[in-house]
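Let's take a walk through this structure together. We'll start where two chains meet and then zoom in on a single residue.

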Amino acid sequence: MAVPLIEARNILKRFGDLVANEVESFDVRTGEVHALLGENGAGKTTLSKILYGFYRPDAGEIRVAGTNVSFASPADARAAGIGMVFQEFSLVPALSVLDNVALFMPDLPRVPDRRALRVRIATAAKALGLELPLDAPVAALPVAAQQKVEILKQVLAGMRVILLDEPTKVLAPQECSGLFATVASLRAAGYGIVLITHKLHEALAAADRISVMRKGRMTATLAARAATREALLAVMFEGSPPQSAAAPAAQAIGAPLLQLDRVSTSGGAHATPLQGIDLGLREGEILGVAGIAGSGQRELGALVAGHERPRRGRKLFRGGDASRWTAGRMRRAGVGFVPENPLEAACVGELSVAENFALGERRYASGLGFNWTRVHDDAEAAFARLGVARPSLNAPVRTLSGGNVQRVVMARELGRAPRLVVAIYPTRGLDARSAQAVRDALRARASEGAAVLLMSEELEELFELADRVVVLRSGMLAGEFSRGSYSIEAVGAAMVQSDARTALA
Amino acid sequence: MRAPRWLDLPPAGAAVLALALFGAILAAAGKHPLQAYYDTATYVLASRQGFTELFVRMGPLVMTALAVAIPARVGLFNVGGEGQLYMGALFATGAALYAPLNGPLLLAATILAGFAGGALWALVPALMRIAGVANEAITTLLLNYVAPLAVAYQIFGPWRSPESSSYPQSHRIAEAARLPSLPTTRVHAGLAIAAACLALCVYVFNRTRWGLEMRAIGANRLAAAHLGLPVRTYLVVAMALGGGAAGLAGMAEVSAIQGRLVSEVSPGYGYMGFLVAWLAAGNVSRIVSMALLFAVISAVGDVLQITQRVPYAVVNILMAAILFSVLCVGPGARRR
């Protein structure tokens, strides 16, 4: 058997007391796609960052083409032919595709012969079937094409192994096939590809071998041909894949609760302005919002929760004009907010869990201070209702894991018995079990009569939970689907196509 | 069992390093560092005047440190303690000279006016900050240069006393507007005001809803706003209270020490207070020990001015030496 392009042996990596990686063996061979599969937090990214020289392992060895190496930095890894494409691209938006690729080439002469460069880059692109407008500024390209530029960069910089970190996360469903075609041609050209993903079907469709990680350890490495969905699920979840507590019950949809009336926002430095949004939400209804990243989901959530105000149009809450209400007033009127980044947007890391429960809640006031007994009782009840383990109420939130921070926010927001829950990517970063607990809690809240506005990047999650799904594209509504008419293809088409007339008529 | 936090001093290593650095500089200037330290120790520890002078200086240092620490709690930088102190002195003098009141009411009006002067001077940067016009760290600093000009205008102009033709100063304020002092010393009731303000801050910060909400705003303004806290109100009020604290320090200088408005109200208390608060590192009760340290430093300046014939400004070198040493060997050195 040929020597692997890169090989990791007996890797151990700790962060403090936490064993982030304990991996006996992982390798990538010539002309192979090796999927690294696991839940969020399973250690996939840590392992790939070790391979890319970003972290040094505490023990173990890395071999490139059979030779022991020790990477002090990603530059060393790149010099050894190991490249990585991150979820956040490292492209210069104002420069052309050609310039972006050329800038990354280690052998770029001081005074490049542009014509020769162009021929070289165009030939490489053609060989891989990448159709890219070489002179267009990168900023003008769609995300899928930018990703191809990143891959082309790696190829022309002489990488032999390319690590792709959750490459489909930024793509619409139908753009994924283009990515996998590129991956297939890289494989045919003899590159070693590491495909980092938490999606089973991607691993099964694109990989030659699949390695499954759980809690920092490699639990299995299987040939993709011999693997089945069920077998992988069993390895990923220790034999008991998470299941939804109940099939979506026919919820009683009640009176109108929230109405957006031709609402536009002004956006901001990094925000996508909303344009002419007409949207209604009733009690007991779960409204899903789909869209590729940055289509205005966050801005819609901020608008409904009162963090932003409409520039034009009106927001009605329970029949009254709430366009100018502050975040505090919306909260007191019964709006709960669960953001994707709870440590930045929903709680104060320096304060304890109990203090975060008490902040801004007038009902806990006692004299000039707080009734801490009541705060603790309520917090315990809220965690019990959510059905998740309760972290120490006196621990600073900053010391909790990402999943636990999300649980704290979820418990607090649902514990207030809100009439409306704004949940922005609430399961991002959670392991499958916690994600299911969050979904069940949202559904339970809806069956008690609350409305839920749910943003998610997983269409399956939206289809499972939502009574209705609307699609946002560039800050505008680009489609609406009701339960029964859900399909990945149709919703996906509305997410990207400019001429989607799907269900707007 | 740990000593209470208000007793914390910078670590001994930092103190030794600072004294060595400063001594080297004195020696390089042809002075006698050991003699200088000996003179300082005798003055501060063995003379009644030197010892009580420490308490005279701790008052304004505690107040100007609070002027920094209160806004810092909500994440604002108040570098304008000096200017706010001058405005407090100006307003207090105005009230003491012209308020149509007598007895304790006049003193109360003087105190309130001092607070108001500092608070208004801090309010301008606070409002500019929440309007998104300018950063408060810049505006408070720049206003430090404006406030002494307002004082100068009054003492050269409308309020000028005819007593001295060469030395500009205001009319003497009424006895009723004077803060009481301990007999035969310069130690005055400003120290009691400072102690009360400090205790109030410790209580509010640690025991009340306001304290928790201030911490939340200081640590994560976005989340605090999302949780419905009135963030802008807090920013404005905290800044005004901080300015008011510095204003009270200026009031006490006029009302207790000078008895009139003069051009040099403060030997840089506002700047020293910033360092006191910074070295106390967000721990309000530690302001006590740090204010004592800076009172000693400023006494060093007085002594050396006389015994070694160096300008008072050498205290700036000593302060720099201490800051440098704390940064090098202090508790936070490795984290920074």
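Keep in mind that what you're looking at is a predicted model. Start at the place where the chains touch: 25 residues from chain A and 18 residues from chain B make up the contact. Put together, chain A and chain B bury about 1,800 Å² between them, and 66% of that area sits on carbon and sulfur atoms.

What about polar links across the contact? Between chain A and chain B there are eight residue pairs in polar contact, counting pairs with both residues at pLDDT 80 or more. Salt bridges between chain A and chain B, on the other hand, come to zero.

The top contributor is α10(A), with four residues. Sort the residues on this side by type and you get 13 nonpolar, six polar and six charged.

Is Ala227(A) buried or exposed? Its relative accessible area is 10%, and buried means under 20%, so Ala227(A) counts as buried.

Take Leu204(A): it is 23 residues from Ala227(A) in sequence, and in space the two are 7.5 Å apart, C-alpha to C-alpha.

Methods:
Residues numbered from 1 in each chain as written. Chains lettered and ligands numbered in written order. Predicted model: local features only at pLDDT ≥ 70, side-chain atom pairs only at ≥ 80, totals over all residues. Heavy atoms only, no water. Contact = heavy atoms within 4.5 Å. Buried area = accessible area lost by both parts, 1.4 Å probe. Salt bridge = Lys/Arg side-chain N within 4 Å of Asp/Glu carboxyl O. Polar contact = N/O pair within 3.5 Å; in protein donor to acceptor, adjacent residues only side chain to side chain. Helix = DSSP H or I, 4+ residues; strand = E, 2+ residues; numbered from the N terminus. Nonpolar A, V, L, I, M, F, W, Y, C, P; charged D, E, K, R; others polar. Buried < 20%, exposed > 50% of the residue type's maximum accessible area, 1.4 Å probe, protein only.
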